[in-house]
Amino acid sequence: MSRDFVDLSDAGGSVLAAMIDDAIDRKAARKDWPKGKPDADAPLAGHVLAMIFEKNSTRTRVSFDMAMRQLGGSALILESGSTQLGRGETVADTARVLSRMVDAIMIRTDDHAKIEELARHADVPVINGLTDLSHPCQIVADLLTIVESGFSLPGLQLAWLGDGNNVVNSLIEAAGLMKFTVRIGGPLGYEPDAGFVERARAAGGEVIFTQDPVEAVRGAQVVVTDTWVSMGQVGGDVHVAAMQPYQVNPALMSAAAEDAMFLHCLPAHRGEEVTDDVIDGPQSAAWDEAENRIHAQKSVLLWALGKL
């Protein structure tokens with residue numbers, strides 16, 4: 001059975017927990033192996049993933065490619081400017097054609113409606129590599145990083161500093177599925193999507209808003225931020241000015257729990273949303289988080305293709 005992974009709720013809490021367990025096991029089994037060596041069971045041997053990029057990418061591009069290699073499969077990179085999709089072919093027609101040629105499709109795009117349309121018309125799994133609304137694959141890697149660092153997800157206290165963007169939308173969705181708290185520190189007018197907040201609260205997650213950055217991080221076990229201005233977002237100077245009080249620096253981290261960890265999905269604008277001494281410091285797990293994109297996406301791919 002194949003399944004789409006457009007948002008975290010497509011999988012659900014129990015599946016997310018299974019993905020994390022699978023990723024931990026597969027990561028451990030590869031210790032000291034060459035990066036390109038397939039896993040011992042090579043569960044996706046003969047499978048091909050089409051990767052459509054309408055937004056620039058480093059971690060998503062490399063991690064999905066390496067995930068397929070490690071699972072025994074292969075990946076094709078399709079840039080929007082070099083495909084017929086970029087020249088006016090409909091999303092539906094692209095979905096129909098690719099479904100005849102590959103085993104799964106990952107897309108990194110702007111409009112969330114585009115991936116929803118792709119999923120409606122494709123006969124193979126469609127995976128969200130990022131949209132302006134959500135970034136579920138990133139959050140699977142974040143949850144994996146949190147768990148392997150010794151924290152439990154139910155009851156977790158997580159703080160988010162900055163813009164209410166696609167990453168925090170998916171973190172909020174995860175809070176509802178895994179039953180933890182997200183405290184959001186940011187200015188008025190930059191809140192995350194209200195629908196994600198409503199659904200997370202209804203599912204048992206706790207979402208708290210504050211304009212006080214210290215209150216947001218007080219006692220938090222995990223402190224998370226992202227760039228203040230997302231790709232393609234207009235009004236950058238205004239955003240940056242509004243976000244200045246929410247920079248994650250040593251003084252702000254000192255208000256979090258003593259063993260708190262820092263996460264950032266990258267790329268980082270050093271000196272804006274985070275200072276060098278935090279992202280490069282002992283509390284930062286940003287590099288583990290980046291590596292874990294590979295291991296998390298392997299589990300996403302396995303679930304989407306009915307092998308997990």
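At 45% relative accessibility, R69 counts as partly exposed, a class that falls between buried (under 20% relative accessible area) and exposed (over 50%), as computed with a 1.4 Å probe on protein chains only. The model is predicted: local features need pLDDT of at least 70 and side-chain atom pairs count only at pLDDT 80 or more, whereas totals for chains, interfaces and linings use all residues. Residues are numbered from 1 along each chain as its sequence is written, and side-chain values use heavy atoms, with hydrogens and water left out.

R69 forms a salt bridge with D65, the closest N and O atoms being 2.7 Å apart; the term denotes a side-chain nitrogen of Lys or Arg within 4 Å of a carboxyl oxygen of Asp or Glu. Both residues lie in helix α2, four residues apart, about one turn of the helix. Helices (H or I, at least four residues) and strands (E, at least two) are DSSP runs numbered from the N terminus. D65, at 15% relative accessibility, counts as buried.

The whole structure contains 15 salt bridges. One of them joins the side chains of D132 and K55 (2.6 Å, N to O). D132 lies in the loop between β4 (126-130) and α5 (136-148) and K55 in the loop between β1 (48-53) and α2 (59-70), so this pair ties together parts that are 77 residues apart in sequence. D132 is partly exposed at 44% relative accessibility, while K55 is buried, with a relative accessible area of 13%. A further salt bridge links D39 and R30 (2.8 Å, N to O), both of which are buried. These two residues belong to a network of salt bridges that also includes D22, R26, D41 and K298.

Helices α1 (13-29) and α12 (286-304) each supply at least two lining residues, and α12 gives the most, with three.

Strand β7 (residues 206-210) contains V207, which is buried at 4% relative accessibility. Beyond its neighbours within four places in sequence, V207 is in contact (heavy atoms within 4.5 Å) with residues including I172, V182 and I184. V207 and I184 are 23 residues apart in sequence and 7.5 Å apart in space, C-alpha to C-alpha.
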